[in-house]
Amino acid sequence: MDAEAAYAPPASYRPGYELVAERILQLIAELELRPGDRMPTENELAGRMGTSRTVVREAVKILSALGRVRAHKGRGLYVADDEGMLGSSRWGGFFLPTDLDHVYMLFEFRRVQETAAARHAATRATPAELRAIEVAAELCKEGHVTGQAALFDQGDDDFHLAIAAASHNQFLVAAVREARRLQRQSNIIGLNGAVGDHTAEAVEEHAAIYRAIRDGDQDAAAAAAAVHVDRTLEDYRREIQRRVFG
């Protein structure tokens, strides 16, 4: 039976190739494959999962775009080798984007790192770094006001990475970047790239974080960052419930 028929819930939720992408990640974990290891072929994956090679190919395209799988022409499929300081070869390799326990753990980790980054930025940010945070917040706001999701996402990424940079701690920079990369995988595979209606609130939350950092208030900066992460997680939960239960 084809995966689109065997595994797909209502069409408004998730197409079959997304489910197969999730199952490929689970298979990588089950086989204990490491970055650089060769994976089963497309034909073998299709046989294991009772689906067509076409569906597997679409799933592989998603995972390739997300940096989890690499397809080498004439050589086959490989687990992507992320050389980042905190890349998948360290701890991202086990992350399953549609496992809610993993998603909640990721948000818990984000809360720790982003409150720390905001706290440090409040006393370490240079004028140029403060300006970078402000510009990113304004870009995010422009994306929300004009309805340009890509612009909002770019501003959102720039904002959080600018705060991490202003912490003057390269480990926090790497951790923030990697956690956001993993969350993006969860958004794309599990939620088709859209997460709820939190954009208006996010713009206000960004402004509160920026003001606290600008004013040098460590406690307020950390608290505002915590509120932002917590509300983003709550929005994620609501979106999951809406998509699953209607």
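Predicted model: local features only at pLDDT ≥ 70, side-chain atom pairs only at ≥ 80, totals over all residues.

Student: What share of contacts between residues at least 6 apart in sequence joins residues at least 24 apart?
Tutor: The chain has 246 residues, and 46% of them count as buried. For contacts between residues at least 6 apart in sequence, the share that joins residues at least 24 apart is 72%.

Student: Which elements do the buried residues of α3 pack against?
Tutor: Start with who is buried in α3, residues 42-49: Glu42, Leu45, Ala46 and Met49. An α-helix has 3.6 residues a turn, so residues three or four places apart point the same way. Looking down the axis of α3, the buried residues fall within an arc of 100 degrees, so they line one face of the helix. That buried set packs against α2 (16-30), α4 (53-65) and β2 (76-79).

Student: Is glutamate 32 buried or exposed?
Tutor: Glutamate 32 is in the loop between α2 and α3. Its phi is positive, near 55 degrees, in a residue other than glycine. Most residues other than glycine have a negative phi. With a relative accessibility of 64%, over the 50% cut-off, glutamate 32 counts as exposed.

Student: What about histidine 168: what is its relative accessible area?
Tutor: Histidine 168 is found in the loop between α7 and α8 (170-191). Here too a residue other than glycine has a positive phi, near 60 degrees. Histidine 168 counts as partly exposed, and its relative accessible area is 43%.

Student: How do α5 and α7 lie relative to each other?
Tutor: Helix α5 spans residues 100-124 and helix α7 residues 149-166, and their axes come within 7 Å. Those axes cross at roughly 60 degrees, and the crossing is left-handed. At that angle, α5 and α7 are therefore oblique.

Student: How do the residues of the contact of α5 with α7 divide into nonpolar, polar and charged?
Tutor: From α5 come Arg110, Glu114, Ala117, Ala118, His120, Ala121 and Arg124. From α7 come His160, Ile163, Ala164 and Ala166. Sorted by type, they make 6 nonpolar, 2 polar and 3 charged.

Student: Which residues is aspartate 157 in contact with, leaving aside neighbours within four places in sequence?
Tutor: Aspartate 157 lies in helix α7. The cut-off for buried is under 20% relative accessible area, and aspartate 157 has 18%, so it is buried. Leaving aside those sequence neighbours, aspartate 157 is in contact with Arg180 and Arg184.

Student: What separates the C-alpha atoms of histidine 102 and serine 186?
Tutor: Histidine 102 is found in helix α5, and with a relative accessible area of 15% it is buried. Along the chain, histidine 102 and serine 186 are 84 residues apart.

Methods. Residues numbered from 1 in each chain as written. Heavy atoms only, no water. Axes fitted to C-alpha atoms, helices over the stretch in contact; angles between N-to-C directions. Helix = DSSP H or I, 4+ residues; strand = E, 2+ residues; numbered from the N terminus. Parallel < 35°, antiparallel > 145°, perpendicular 65-115°, else oblique. Left-handed = near helix turned anticlockwise from the far one by under 90°. Contact = heavy atoms within 4.5 Å. Nonpolar A, V, L, I, M, F, W, Y, C, P; charged D, E, K, R; others polar. Buried < 20%, exposed > 50% of the residue type's maximum accessible area, 1.4 Å probe, protein only. Arc of directions from axis to C-beta.
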